[in-house]
Amino acid sequence: MNITRQIALTTVGVALAFMFGCNSDTSKQDVYYMIAANVQLPYWQTASNGFKKAAAQYKVTANVVGPSSYDPVGELDALQKAIQAKPAGILISVSDASVLEREINRAVQNGIPVITMDSDAAVTRRLYFIGTNNAEAGRLGGGRLIERLSKGNIAVFTIPGQPNLEDRLRGFKEALATQPGLKITDIVDMKGDAATAFDKAQQLVAGTGGKKIDVFVCLEAVSGKPVADAIKRANARDREVISWDADPATLDAIRDGTIDATIAQKPFTMGYFGLRMLWNVVHNPPEQLNKDFRTDFYSPFPVFIDTGTTLVDRSNVDLYLSATAVATEK
């Protein structure tokens with residue numbers, strides 16, 4: 001082999017090694033985090049599947065972290081650890097904006113793009129929000145209730161202070177303003193705990209407090225099944241239940257008639273689209289990351305990406321059950 005050919009081959013070999021080595025290092029460093037509270041819920045498992053599917057397509061690493069019960073402080077700890085790991089980007093559902101705001105801003109200040117999903121923190125420097133138009137979804141649920149009843153007492157199961165749930169409650173109230181016979185008489189803080197929801201529902205079904213609750217509205221996924229179970233146990237079939245999300249237990253309760261309807265969101269889409277958008281920010285970064293893009297007339301980002309909702313009742317529940325079964329098999 002002549003010296004010229006040997007030098008050429010060596011040069012090509014070094015270039016290829018450098019190229020593939022850089023790609024390999026980049027791949028290893030391209031780590032994205034999805035952070036939420038209550039990550040063991042079916043809802044968050046579905047969101048996690050979407051996040052990881054997009055990660056596989058982009059050949060990056062996806063980490064899903066957070067407490068296994070409703071715990072804003074635990075979520076804060078997960079966020080702090082994620083920031084310390086210096087990931088490429090963070091997708092986060094905000095359980096309590098007052099607890100997480102400072103660290104979200106710190107992540108962005110440290111050059112880590114943050115997008116919120118499912119529950120927003122609009123006052124932070126997150127880039128934008130991906131998820132449900134929660135006020136509109138609340139109005140959808142309220143409209144369904146008005147179709148069913150003209151008067152009655154309503155108990156709402158929620159977690160006060162969680163941004164997305166506050167928006168849903170606001171939407172419900174706006175819808176109910178057109179039907180003065182329907183009144184919210186109880187706001188139940190079920191603290192993200194199924195047992196708490198069940199116990200409180202049992203008390204309300206039994207008439208504790210001297211009034212009959214005609215309608216139970218569950219603004220998040222955890223309380224739907226336990227409230228339905230309490231009603232079923234009391235054989236109180238004259239009560240209406242409107243729930244949230246499309247986990248299998250909720251869908252089964254719709255099929256047997258215990259729950260009238262649920263508002264189905266798209267957590268898979270939130271996770272899938274969230275990673276794709278983070279990847280795009282990382283590989284096409286704005287000139288300045290730490291700014292308020294909400295007030296920027298030439299912002300490269302939207303304020304909000306609506307992933308959509310559907311009302312599920314007995315007329316279409318089998319479609320959702322079939323889709324859930326197919327997704328589980330995969």
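The lining of the largest cavity splits into 11 nonpolar, seven polar and five charged residues, where Ala, Val, Leu, Ile, Met, Phe, Trp, Tyr, Cys and Pro count as nonpolar, Asp, Glu, Lys and Arg as charged, and the others, Gly among them, as polar. This is a predicted model, so local features need pLDDT of at least 70 and side-chain atom pairs count only at pLDDT 80 or more, while totals for chains, interfaces and linings use all residues. Residues are numbered from 1 along each chain as its sequence is written, and side-chain values use heavy atoms, with hydrogens and water left out.

**The cavity**

- The whole structure has one cavity of 30 Å³ or more; on a 1 Å grid over the protein atoms alone, a cavity is a set of points where a 1.4 Å probe fits but cannot get out, and lining residues have an atom within 4 Å of a point.
- The largest cavity holds about 250 Å³ of space, with volume taken as the space filled by probe spheres set on the points, which are joined across faces, edges and corners.
- Of its 23 lining residues, Leu-41, Trp-44, Asp-118, Gln-162 and Glu-220 sit nearest the centre.
- Helix 2, helix 6 (163-176) and helix 8 each give two or more residues to this lining, and helix 6 gives the most, with three; helices here are DSSP runs (H or I, at least four residues), numbered from the N terminus.

**The second largest pocket**

- About 200 Å³ lies in the second largest pocket, a pocket being an open set with protein on both sides within 12 Å along at least five of seven lines.
- It has 13 lining residues, and Leu-41, Pro-42, Ala-194, Ala-221 and Val-222 are the closest to its centre.
- Helix 8 supplies the largest share of that lining, four residues, and helix 2 (42-58) supplies at least two.
- By class, the pocket lining has eight nonpolar, two polar and three charged residues.

**Helix 7 against helix 8**

- Helix 7 (residues 194-205) packs on helix 8 (residues 221-233) at about 35 degrees, axes 8 Å apart; axes are lines fitted to C-alpha atoms over the stretch in contact, and angles run from 0 to 180 degrees between N-to-C directions.
- Contact (heavy atoms within 4.5 Å) involves residues including Ala-194 and Phe-198 of helix 7 and Val-222 and Pro-226 of helix 8.
- That contact counts 10 nonpolar, two polar and two charged residues.

**An aromatic pair**

- Tyr-58 and Trp-279 make a tilted pair, 4.6 Å centre to centre with 35 degrees between the planes; rings of Phe, Tyr and Trp (its six-membered ring) pair if their centres lie within 6.5 Å, with planes under 30 degrees apart stacked, over 60 edge-to-face and the rest tilted.
- Tyr-58 is in helix 2 and Trp-279 in helix 10 (residues 267-283), so the pair ties together parts 221 residues apart in sequence.
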